Amino acid sequence: MMALQIGLLCGLVVFSLLAVLLRDILKAAISLAVASLLLGILFFRLDAPYAGAFEISVVAGLITVLFVVTIALTKAEGGVHESRAAAWIFPLFFVVFLVIDFLVMRRLIGQVASLPAPAEAGTFGQVLWKGRTFDLIAQVGVIFAGVFAVLALFRKRSKHE
Amino acid sequence: MTPQTLLIPILLPAGLAVVFFLIPSRVKLVREVLAVLGASALLYLGFVFFSVRNLSWKTPWLGRGIDFDLRLYHFSAFILLGLTGFLFLITLYSTVKMRNTPRLREYYGYVFLTAAMANGAVLSNNFVPLIFFWGGGLLTLYGLITIGGQTSHRTAVKSLMLGGFCDFSMILGIGILWAKTGTLTLSEISVKPEGVLAAAFILMMIGAIGKAGAMPFHTWIPDAAVDAPVSVMAFIPAALEKLLGIYLLARIALDFFHLEKNGAMAITLMIIGAATIVLAVFMALIQKDFKRLLSYHAVSQVGYMILGIGTAIPIGIAGGIFHMINHAMYKSGLFLSAGSVEHRTGTTDLRKLGGLSREMPLTAFGFAVCALAISGVWPLNGFVSKEMVFHGALETGYIIFAIAAWAGAVLTFASFLKAGHSVFLGPRSQDVPRVKESQGPVVLPILILAALCILFGVYNKLPLQTFITPILDGHAAPGEHLDFTSHALSVFNPVALISIGCLILALLLHIYGWRRGGKKAHLASEPVHTFPGLKQIYDLAEARIFDIYEQGIRFLRSLSLVLFKGIDRPIDAVYDKGVTAVGRAFTRLFQSAHNGHYANYLAWCLGGLLVLVGVIGWFVGF
Amino acid sequence: MNIKLIALLTVFIPVLGSLTIPLAGRISRQARSVWSVLLGAVTAALPLLLLPFALSGKQDIAVRTLILGLDFKLIIDPLSVFMSIVSSFVGFLIIVYSLGYIAHERHQDEYYLMVLLFIGSMMGLVFSANLVFMYVFWEIIGICCWRLIGFYREKDHVLKADKAFLMTFFGAAVMLLGFILIYNQTGTFDLTAMRGTLISGTAVLFILLGMFSKSTTMPLHTWLPDAGVAPTTVTALLHAAVLVKIGVYAFARLFLFTFSLPAGWRDALPIFVVVSSLVAAGAATVENDFKRILAYSTISQIGYIFLGFSVYTPDGISGSLLFILMHGLAKAGLFLCAGIVIHATHKRDIREMGGLIKTMPVTAVAFLACAFSVIGLPPFGGFFSKLLVITGTVKAGQVWVAAVALFTAVLTMFYLLKVFSKVFLGEATETAPEKTRGMVFVVALLAVLSLLSGLLVAYPMKLVETATTSIIWWNP
Amino acid sequence: MIFLFIALPLVVAGILPLIGKISPRLLPDILANAVFAALLAIALFAGPSLIGQGAGLQPFMFLGEPLGIHLALDGFSLFMLAAISLVGLCIGLFSVDYMEHYGHKAAYYALLLIMFAGMNGLVLVTDFFQIYLFLEVAAIASYALVAYGLGHEELEASFKYLMLSAVSSAFIVISVTLLFGLTGSLDFGAVSQALRGLNQPLASGVCAALFIMGFGLKAALIPFHAWLPDAHPSAPAPISAALSGLLIKVSGIYALTRIFLKVFGLTPALSNILMILGAVSMVVAAFLALGQKDIKRMLAYSSISQVGYIVLGIGLGTPLGILGGLFHLLNHALAKSLLFLNSGSIQMAAGTRNLEEMNGLSKKMPVTAATTLVGSLSIAGVPPLNGFWSKLIIVVALVQAKRFGFALAAILASVLTLWYYLIIQRRAFFNKPDEKWRDVREAPFLMTTATVVLALLCIVIGIFFTATISTWIEPARDALAGGLQVIQSSIGIQ
């Protein structure tokens with residue numbers, strides 16, 4: 001069991017690192033999708049079905065599609081140029097970050113008491129409606145923002161130039 | 001005679017000066033008449049004040065011890081009389097001599113302003129009004145010299161710079177005196193010149209001898225002789241400045257500081273006096289221009305006065321002061337006679353003049369009397385005052401000063417023989433056209449001065465008793481009876497015999513020089529001029545090496561260059577270049593970190609986070 | 001009208017009036033000229049009403065409390081009245097002079113606005129008794145000074161204007177830090193409450209930096225000669241009459257009237273300022289640009305004013321106060337003569353000029369008179385101020401410092417006479433007639449005033465005396 | 001009533017695209033500006049009374065179900081709301097003319113309103129997760145707005161901005177989850193009580209570090225500032241004004257202040273960290289700004305530097321320090337948005353952002369020149385204007401807290417600030433008029449009114465600074481400082 005867990009985690013880290021470092025934007029988008037897929041699976045294994053479902057559908061699905069479409073659209077003007085110099089800086093910092101993160105989290109795990117099941121542990125619906133109703137409004141805002149962003153970015157270029 | 005009348009000798013000439021400035025230059029006659037009338041009124045006032053003798057008036061002026069304090073006492077009354085006398089003679093002389101000069105309106109204005117300033121300086125009994133009037137004279141002198149001609153402004157600046165320097169050192173002296181004694185009133189100050197007060201003495205002395213025109217501040221006088229109008233030379237360097245300068249020096253030596261005999265201060269005074277006598281007379285001897293010759297003599301004669309006062313012995317001081325008035329008379333006369341020669345012939349170059357005694361007998365006679373007086377020939381006033389100075393110098397025990405005085409006497413007589421011979425005696429020179437004697441107002445002052453020289457010499461009891469002796473009343477050692485008239489004219493004592501010997505020596509020197517120069521009087525001084533040792537010194541002097549003004553200006557220029565290049569520009573460079581360079585360096589340093597790579601920025605963020613966690617962890621203590 | 005109201009009006013009429021000048025400019029050029037001269041005249045007249053009050057030596061406070069201890073407080077005492085009269089009078093003269101001088105330049109609205117704002121904030125600074133509001137007016141003057149120096153908008157002119165603004169802003173910012181240190185020590189910004197308190201050495205150093213940057217003394221002085229690029233009326237206003245007097249006034253108000261300095265400073269300061277004035281005099285002798293010479297001369301004369309104040313003797317203080325008046329008149333005269341000469345010959349280098357006395361007699365005589373007053377030769381006013389400063393220094397025991405100061409005076413005489421002979425005497429290179437009558441009239445007036453202030457020195461001296469006695473709280 | 005701040009913009013944003021179909025330009029303009037005006041009116045007039053009755057918790061009925069909406073309005077949030085809507089109104093007015101040639105105004109206004117809704121929401125909520133949510137709302141809207149020009153440069157800049165903000169949001173979420181793990185709840189009050197209860201110094205330390213990094217990046221403090229100099233210049237002028245004037249302050253400084261002063265408690269260690277971050281940003285960004293050629297990049301770096309001032313002030317923790325920091329926040333918001341709007345009108349009129357090509361504009365654009373002068377001098381801290389008073393209060397607070405090093409740094413940084421603003425003046429306006437701008441006309445009416453309003457505000461606040469402080473800033477400081485004493489005693493991180 002643990003081997004699968006660790007395998008998934010390593011896969012997640014590798015793919016997200018690739019997403020950042022890959023030159024070609026298309027491959028980067030795809031590796032980002034794979035990473036979020038692995039994350040979704042992890043959520044399911046930690047019996048957080050809703051989170052997993054959201055993760056796969058929204059991130060793996062919608063955002064990847066979004067990326068691929070924009071990249072395709074902007075392909076005409078050439079990918080986002082990224083000069084090659086000092087390519088080693090980021091990986092170095094990333095590795096150092098991982099090591100320290102590992103140390104800190106190891107100390108933390110011991111201290112953080114496992115969470116008591118939340119009192120009103122109702123179904124996802126009740127929790128969402130009763131306790132976190134306000135988040136819905138924020139969620140509405142996020143969706144609006146996403147939609148209008150797409151609307152604005154892909155508007156007809158007629159009047160622009 | 002109410003105390004306010006003391007203001008008249010200051011306000012009357014000042015008012016007249018303003019009037020002269022306002023009268024349009026076309027109206028000549030009215031100006032001349034008004035000038036002479038004004039001068040005569042002042043002369044009458046001089047006599048009236050001399051008879052009143054004691055008067056003082058004081059009003060608060062700037063507060064804090066500075067008040068407008070005028071005091072007439074014996075010495076200042078005597079000087080005032082002298083000043084007004086000379087003003088009268090010069091004004092009379094100028095009516096004719098200066099009639100068609102361009103800036104006549106300013107000339108009379110400045111002359112009367114100078115008179116006002118001089119009277120103010122003599123009368124003031126508080127240092128601030130004294131220095132106020134003392135410095136005022138500088139500006140009018142500057143104006144008068146610029147009237148002389150187009151290129152005369154350089155000499156005017158020279159005189160102003162030298163006068164200004166002496167003025168400022170006097171201010172410092174006054175400051176020290178004020179700080180130490182706490183009062184500015186002249187009559188209340190009398191201190192011993194030690195420590196910082198010695199410095200004050202030196203500074204005040206610089207102020208006095210700077211005004212009197214002694215070494216080393218004399219160098220503007222010979223230049224002014226050529227550039228400035230001759231009446232100005234006769235009025236200011238010859239008479240007025242000597243009177244004021246020596247008046248202050250006498251008061252410094254007598255009233256403010258107790259100058260004890262052979263003290264350090266007295267020695268310095270005597271050295272300056274002796275040096276001035278010898279060096280100036282050497283320069284005078286070789287001059288080719290009549291007026292420059294006279295101007296160097298003016299400088300040389302001051303040496304006698306300073307030497308006299310420097311002896312700090314009653315007879316010496318009395319001699320110095322008596323010599324002051326005598327010198328003012330005959331030097332002014334000599335300048336006026338040179339002026340009348342210039343008035344008629346148009347030139348004062350000894351080479352071009354000759355044999356004028358027949359055509360200008362009165363001027364020649366006046367010149368002769370004054371020349372003999374300045375040389376110290378027996379019955380005249382020059383002899384009497386020089387003898388007193390010689391006695392004083394000998395009594396101090398330092399023979400060197402007496403020898404210098406005698407050497408001066410020799411060369412003075414030699415140079416006047418040369419001047420007189422080349423201008424008046426000898427063959428009639430062809431370069432100069434037929435001339436008549438100068439008009440009355442030109443010749444009259446010369447004759448008056450010549451008469452005075454004779455009077456003060458022969459009947460010397462009058463000047464000594466009335467003018468000089470009362471000055472020393474408070475200062476003579478107790479019990480010593482101040483009477484100089486007894487042996488004034490006696491010839492049969494060692495000092496007089498040496499003096500007469502010197503005159504004979506000078507006569508022989510002149511005859512020898514005259515014969516060597518091929519019977520040309522103006523070459524009479526060539527033997528001395530070409531003397532091996534002296535030749536180089538003379539050439540250096542001609543190149544103005546010893547001129548304190550030239551050296552001073554060169555020093556000021558180099559100092560300013562050092563200050564400017566050494567301090568000012570580097571500070572400016574710090575701002576112009578330094579600060580901007582530092583700013584740009586920092587900017588480039590930080591800009592190098594922003595190369596637009598997204599990965600870099602992410603690295604920065606992670607690095608920042610790690611540092612934060614590290615710091616907090618350290619605080620919390622892992 | 002009571003004293004407080006007059007003081008408030010003196011400050012706010014020019015400051016608010018200056019904002020209305022662009023409107024007057026919209027109407028017509030004449031309307032603007034008349035309006036600005038009127039404002040200048042009112043600002044010059046109002047302090048004169050305070051004269052009787054000041055002569056009585058009394059002191060009055062007008063206060064409007066705000067929050068955080070920053071209450072807007074005006075102090076009306078002999079010192080502030082004296083300063084306001086001197087600055088506003090010369091400022092008014094300069095406004096009249098500039099009517100002719102910049103008649104055909106662009107940006108005239110901005111010019112008059114900035115000049116009047118300058119004079120107004122100078123009045124504000126002189127009357128304010130709160131450190132922060134003194135700083136506020138100090139900086140407003142900095143802005144006006146920056147806009148005025150860059151008036152011609154040439155490339156290097158604006159560079160120099162920026163340099164001047166940055167140096168004065170740096171000095172002022174550090175000074176503000178000094179003020180805050182004092183606030184930290186005493187808990188208040190109000191001067192009247194802090195009379196006699198001893199302040200720390202660092203606070204003194206910081207405040208001195210601000211004063212030296214504004215009154216151009218040694219380390220922070222090089223922006224003044226560069227600011228010569230501004231129109232002459234501005235350099236006259238800046239250099240002679242108003243700007244350079246701010247630092248000196250602040251020194252008097254802070255280090256004499258209010259605080260006492262730690263021991264070390266009292267004998268270090270005179271030496272420092274004398275060296276600064278000597279260096280500036282040296283620089284003036286070497287320079288050849290007409291206005292740069294006069295700028296360095298100002299730096300040198302300011303050294304004297306600082307000297308008089310920093311020796312802490314009554315003579316020195318009244319000498320310096322008198323110096324402010326005399327130098328204001330004489331130096332403004334010199335600059336305005338320079339303005340007429342440059343305006344006529346369009347040349348700035350004195351070696352190229354010569355013989356102008358034939359075509360410009362009045363300007364030449366006025367220049368000579370003002371030069372004599374700056375040098376300190378007797379019949380002119382400058383003599384008394386220099387005399388008192390020197391005797392004050394000697395009384396404080398600093399004889400060597402006085403000697404150096406006098407040597408600087410000789411140097412001053414040398415370069416001013418050199419300038420006069422080079423520009424006005426000698427053979428005439430070109431015939432340049434004297435420009436507008438108004439400008440010549442102002443210059444002549446300044447020369448006559450310099451002479452009269454010398455002859456009738458007793459009258460200004462009365463006010464100076466009361467100011468000195470009101471300043472001194474320690475036993476001399 | 002306060003729920004309107006979020007609901008009104010969201011609802012109007014929703015319907016705008018539809019209205020956009022009917023009248024593409026006129027109606028959206030009016031509607032958007034109407035919303036801004038309404039919000040400003042509420043904040044200015046209704047606000048103070050709302051604070052009066054406590055924390056403003058009111059149950060909100062929605063279809064009969066009591067919705068647990070906890071919106072807290074105290075002095076600090078009201079101050080922020082007023083600032084947001086004030087600057088928002090000016091930006092709205094400016095965009096009416098400026099966005100003409102960008103096209104599809106309805107979408108632009110919609111995104112703008114959503115961004116403002118996000119900001120308003122963030123200011124009002126008292127729940128960690130909701131802070132993150134509204135943060136994301138505002139962020140996503142701003143990514144799109146930065147890229148609104150659709151040019152290559154805009155896209156790249158917005159991509160960089162998006163990626164870095166995504167990283168910072170991720171760290172914020174991690175920290176929120178950690179806190180939720182530790183304390184079992186997300187509400188500020190509850191979390192602060194719980195944190196005081198259990199002494200987990202390392203855990204709360206890590207949370208604090210993550211928060212500082214996350215919100216530091218949003219506030220563009222130095223190590224995390226890199227996105228700002230690229231995002232702002234390429235964004236259209238009103239958007240860079242909104243970003244620089246408001247977004248970095250609301251999503252960065254407001255969140256930091258709220259969390260550290262209300263929840264974690266400003267311990268000496270934290271205050272030192274914040275002050276060092278502030279001071280470093282202040283000085284380094286000032287040097288960076290010196291070397292810029294493009295006016296908007298210079299203004300962007302200047303924003304980083306001024307944010308450094310604000311964090312320095314608030315990080316000090318003394319009541320006077322917070323007062324100074326908040327006052328500077330308001331002044332900088334006004335002045336910086338004014339300058340960005342002006343750079344927009346210059347770009348629209350002269351077509352260039354490069355300082356070298358820009359000289360000689362003062363003749364043709366006098367109003368813009370004057371307002372830029374007011375804005376620059378205000379930020380540089382030159383007295384009669386508002387910037388000076390806030391910097392003065394900050395330096396006084398620093399000196400009173402015996403932090404002389406920081407005080408000196410603050411003074412030197414303000415000299416540097418003046419230096420590069422003089423460079424702008426010298427290059428753009430304070431020089432001889434240039435022939436190439438012959439046919440340049442002054443910016444259109446609405447744009448100039450917006451900038452003139454902001455400039456007048458700078459002057460008025462400068463002169464009547466005491467009134468502004470006592471009515472707006474002091475209630476905000478009391479709201480924060482009130483919480484301070486309570487927390488000061490808590491153990492938390494020493």
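Analyst: Chain A has six helices and zero strands. From the N terminus its elements run α-α-α-α-α-α. This is a predicted model. Of the 161 residues in chain A, 14% are buried. Among chain A contacts with a separation of 6 or more, 45% involve residues 24 or more positions apart.

Chain D next. It holds 18 helices and two strands. Its radius of gyration is 22 Å, close to the 23 Å that the globule rule gives for 494 residues, so chain D is as compact as a globular protein of that length. Along its principal axes, the C-alpha trace of chain D spans about 70 × 60 × 40 Å. Buried residues make up 68% of the 494 in chain D. For contacts in chain D between residues at least 6 apart in sequence, 81% join residues at least 24 apart.

Now the packing itself. Two packed helices are described by the angle between their axes and the distance between the axes.

Start with helix 6 of chain C, residues 108-127. This helix has 20 residues and reaches 29 Å from its first C-alpha to its last, close to the 28 Å expected at 1.5 Å a residue. Of those 20 residues, 18 are buried, so helix 6 of chain C is largely enclosed by the rest of the structure.

Its partner is helix 7 of chain C, residues 131-149. The two axes come within 9 Å and cross at roughly 155°. That angle is over 145 degrees, so helix 6 and helix 7 of chain C count as roughly antiparallel. The crossing is left-handed. On the helix 6 side, the contact residues include Met114(C), Leu117(C), Phe118(C) and Met122(C), along with Glu110(C) and Gly124(C). On the helix 7 side, they include Phe137(C), Trp138(C), Ile140(C), Ile141(C) and Arg147(C).

The second pair is also in chain C. Helix 3 (residues 29-49) and helix 5 (residues 78-101) of chain C have axes that come within 8 Å and cross at roughly 160°. These two helices are therefore roughly antiparallel to each other. Helix 3 and helix 5 of chain C cross in a left-handed sense. Helix 3 of chain C contributes Ser33(C), Ser36(C), Gly40(C), Ala41(C), Ala44(C) and Pro47(C), among others. Helix 5 of chain C meets them with residues including Ser84(C), Ser88(C), Phe89(C), Gly91(C), Phe92(C) and Ile95(C).

Helix 1 (residues 8-22) and helix 4 (residues 104-123) of chain B have axes that come within 8 Å and cross at roughly 165°. That makes helix 1 of chain B roughly antiparallel to helix 4 of chain B. Their crossing is left-handed. From helix 1 of chain B, the contacts include Pro9(B), Pro13(B), Ala14(B), Ala17(B), Phe20(B) and Phe21(B). From helix 4 of chain B, they include Tyr108(B), Gly109(B), Phe112(B), Ala116(B), Asn119(B) and Gly120(B).

Arg64(C) is found in strand 1 of chain C, residues 60-64. With 9 C-beta neighbours inside 10 Å, Arg64(C) counts as exposed. Leaving out residues up to four places away in sequence, Arg64(C) touches Asp71(C) and Phe72(C).

Methods
Residues numbered from 1 in each chain as written. Chains lettered and ligands numbered in written order. Predicted model: local features only at pLDDT ≥ 70, side-chain atom pairs only at ≥ 80, totals over all residues. Helix = DSSP H or I, 4+ residues; strand = E, 2+ residues; numbered from the N terminus. Rg over C-alpha atoms; globule rule 2.2 N^0.38 Å. Buried ≥ 20, exposed ≤ 12 C-beta atoms within 10 Å, placed from the backbone. Contact = placed C-beta atoms within 7 Å. Expected span 1.5 Å × (residues − 1). Axes fitted to C-alpha atoms, helices over the stretch in contact; angles between N-to-C directions. Parallel < 35°, antiparallel > 145°, perpendicular 65-115°, else oblique. Left-handed = near helix turned anticlockwise from the far one by under 90°.
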